[in-house]
Amino acid sequence: PLSVSLSLSLSSVFPGFHLIPRLSSIVPESCLLITVGLLVGGLIKLAGEKVPPVLDSKLFFLCLLPPIILDAGYFLPIRPFMENLGTILMFAVVGTLWNAFFVGGLLYAVCQMQSAPSDLLNLELLPCLLFGSVVSAVDPVAVLAVFEEIHINELLHILVFGESLLNDAVTVVLYHLFDEYSSVGTVTVVDAVLGVLCFLVVAVGGVLVGAIYGILAAFTSRFTSHTRVIEPLFVFVYSYMAYLSAEMFHLSGIMALIACGAVMRPYVEANISHKSHTTIKYFLKMWSSVSETLIFIFLGVATVDGDHSWNWTFVTVTVILCLVARIIGVVGLTFIINKFRIVKLTTKDQFIIAYGGLRGAIAFSLGYLLDNDRYPMRRMFLTAIITVVFFTVFVQGMTIKPLVELLAVKKKQEAKRSINEEIHTQFLDHLLTGIEDICGHYGHHHWKDKLNRFNKKYIKKCLIAGERSREPQLIAFYHKMEMKQAIELVESGGGVKLPPSVPSTVSMQNIQPKKPPPVERALPQIPKGREDEIRKILRGNLQKTRQRLRSYNRHTLVADPFEDGWSDLLLKKSKMIELEKKMNNYLTVPAAPPDSPTITRARLSSDPQTYQMKQMSDSVPTIQVDLASPQSPDSLSLLDELQRADQRRELRRRPPPDEEEGGLMMRPPQARGGDQGEEGGPSAKEQRLQRCLSDPGPSAEDDEDEPFLS
Amino acid sequence: MGASQTRTEDVFQELSDKTGFSLEQIRILHKRFRQLSGEEDTISKENLEKIQALDKNPIRNQIIEAFFDKRNQNDGEVGSSREIGFQQFVKVMCHFKPPTLKMTTEDKEAMRREKLRFLFNMHDTDNDGTITLDEYRKVVEELLSKSGAIGLEAAKAIADAAMLEVASINVPHMEPHEFYEGITFEHFEQILKGLEMESRMNIRFLDVDTSTMHCGKSQ
């Protein structure tokens, strides 16, 4: 425990490295961490104490590795992964096999060529192959650590990363196979065939186990609306159980974990509350960061501590062979793969893929696991593994960034996903499916479309609670975006000016067609007094119609009354909006009013309670009080922004002189009532009517007259 | 029979040179064309509407319309044909070819522009060179058309938001009284820059004739 906490506190030192900007831009974090580990190990050794076997393989595989993999799996970008699955599998399976046999075989040959009767001559083929399989696996931890910092384009990232994740199955199988064979001593063809079978079982089994747990977790999350607090726990527990179960049956634990996270995610996110979602995100990131740090530090410590047997020939040959094998493997495979890909991989891409094949701690731990009696060469193996790891992490890790710059490889698109892109992505999907149908063959898009429809029809109904199961993706995306923007709005907080993502003075007014549709022409200019009268009458009517209006509409969901943080949020927002009232600055997505988070939050929380009429009726009285007051039109919160957009458009059609402030209308009214907005969900529909029926002019003036509500 | 055979082969060769498809691909497309047209020389909208698989597609009408849109033929004509022949059919399919390894950056840019132009034509139904708010709204509505009432309400807001985004990115400073007419092709290009159409808007064209392998499946 002491050593662990010591290491942990040490790991908290590493953020200090970021203070030295030059250093962190040259040296990737992983290298620094290993160096720290080396230092620590050296210190401990100097102190004369026995270094606790911290990189105990069990500790590694049970505690340190899962968080990282879960983090990777949960946040795996499914779309690019699936699109490139064929390529990734080729690299992972065939590539790793090739590497293992190439390195192992050639090492054996080299060993046999030794003239001097050294230890090397005694090295059998099978241990060599075993060593080859251990050292040839691309390591997800190292890849993550290094690629995180170079911001390479999505395709390459997912290729290398996907490969590192999926080759675990291959590694596991090869490892166990060679382990057993070397105890038996001979290999037959039957064994080889069994090996292949074994691989399939391990890989597919791992994925199945993960998927089952994932579905279980999704299913559980459907019912957790009453116990929001432990929602994140389900995610973690189920994933960990998936990992353990897989490992127990000697299936691929990593693949199980990835499958679990990836399967679980869309459904769980639809079901759980926003806070749980944030919790999960941050916990995962935290755990994986800590694990990564620890792994690298321990690697450093183990290097210093471990008893090494340095054999120049063996080590150097290993390193060279690894590199050569990787390059040949990638080039050869790409040649074959390009025949099947629509968008081919260029030479630059191939180079990066080859160069990005980093080895890491998994290789080391696997080596550590080797039985000392059966493998007298174990120490030598370990030394060689460590050297390879160091080489790849330090040399390749450090130089990949300048190389990426030098080769002008495409970088990651930093821009946020815009609604236009989303619309067109969906549009493209349908378009391409349609064209494929016209062409008459069942291609990639056709099956994807089928899967989506199947998903929508059956699975979503089972696994997602309530209304959200029917929500189309585009709308979900749109609301998520609204929410993000609204949160940004609030966070930008103290300032009066909203920092829009694209500074612009464009507002909704600029877009609305000048010529109003004939319908609105019917609204005549009404004298002001009359307008007040009308408004009063309408408000009266409104209260009657509210009963009718309380027909279920997702947009009128009540916010989770248990989440009181929101009242502060809305308060701040309303304050800010009020200050900003006079200005015509709008977010690029004007249709996202500040209080939409409440709506969207409500949707995300999907509290079943909120669906009950009873709840609504409880909250309605609150609003009722507000409505009675003259300021109420504007204090109404939670205007359903969709409907409001309607209103504004209709309202603005009338061209009264003070129409200019019509644009203002969008902002102040919504948020001001924010603080009452908590329970104001159901009022949204009412507000809509309200808005519809009252006219813009007077209300706008009302805005100015009213005291600021807070 | 022999004469017409060579004639069609010549036609195919010519087409192949013009469009960049391989001869085999053109033959397969021709087979499909004959299938769709019921062994006629031209296909009409009704032929395409009969394809069952398209029924579930929310933007089915736009897709079918795109085949008959004269703008996609790059002839300079506008309007909509009632029937199209094989050449026009292939020309439309041309828009969905993937980039080859040998293409230079300029070639890729040109390809991207061509694909974006195709999309633009699909949205700009009245052919005035801009996508107005109404047209855009229609696009989003169609996309969400299979989702029922929720979709229709949201469609308006989404279209508004999207439009505003385009305007903000392209014409950042507008006075309150100014009016953003519609998305021009340049603006359209600008907002979809990030999507890299030349890599995305592709389908795989068969090099090997597999239609005989699906027993009765292909329509």
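Predicted model: local features only at pLDDT ≥ 70, side-chain atom pairs only at ≥ 80, totals over all residues.
Residues are numbered from 1 along each chain as its sequence is written, chains are lettered from A in the order in which they are written, and side-chain values use heavy atoms, without hydrogens and water.

The secondary structure of chain A comprises 34 helices and 0 strands, while chain B holds 10 helices and 4 strands; helices (H or I, at least four residues) and strands (E, at least two) are DSSP runs numbered from the N terminus. Along its sequence, chain B follows the pattern α-α-β-α-α-β-α-α-β-α-α-β-α-α. Of the 710 residues in chain A, 57% are buried, and of the 219 residues of chain B, 47% are buried (buried, under 20% relative accessible area; exposed, over 50%; partly exposed, in between; 1.4 Å probe, protein chains only). Among contacts (heavy atoms within 4.5 Å) between residues at least 6 apart in sequence, 87% in chain A join residues at least 24 apart; the corresponding value in chain B is 57%.

Over all chains, 20 salt bridges were found, each defined as a side-chain nitrogen of Lys or Arg within 4 Å of a carboxyl oxygen of Asp or Glu. In chain A, the side chains of A:D429 and A:R79 form such a bridge at 3.1 Å, N to O. Because A:D429 lies in helix α18 (residues 419-439) and A:R79 in helix α5 (residues 78-83), the pair ties together parts that are 350 residues apart in sequence. A:D429 is buried at 18% relative accessible area, whereas A:R79 is partly exposed at 32%.

In chain B, helix α7 (residues 133-143) is mostly covered, with 8 of its 11 residues buried. One of these is B:R137, which has a relative accessible area of 13%. B:R137 forms a salt bridge with B:D160, the closest N and O atoms being 3.4 Å apart. As B:D160 lies in helix α8 (residues 149-170), this pair ties together parts that are 23 residues apart in sequence. B:D160 is buried at 0% relative accessibility. Salt bridges that share partners also join A:R79, A:E83, A:D429 and A:K448 into one network. A further bridge links B:E24 and B:R27 at 3.1 Å, N to O; these residues are 3 apart in helix α2 of chain B, about one helical turn.

A:N99, in helix α6 (residues 85-112), is buried at 3% relative accessibility. A:N99 and A:R326 are 227 residues apart in sequence and 6.5 Å apart in space, C-alpha to C-alpha. Not counting residues up to four places away in sequence, A:N99 touches A:G104, A:S136, A:A325, A:R326 and A:R359. A:S245 is placed in helix α11 (residues 231-248) and is buried at 13%; with the same exclusion of residues up to four places away, A:S245 touches A:V209 and A:Y213.
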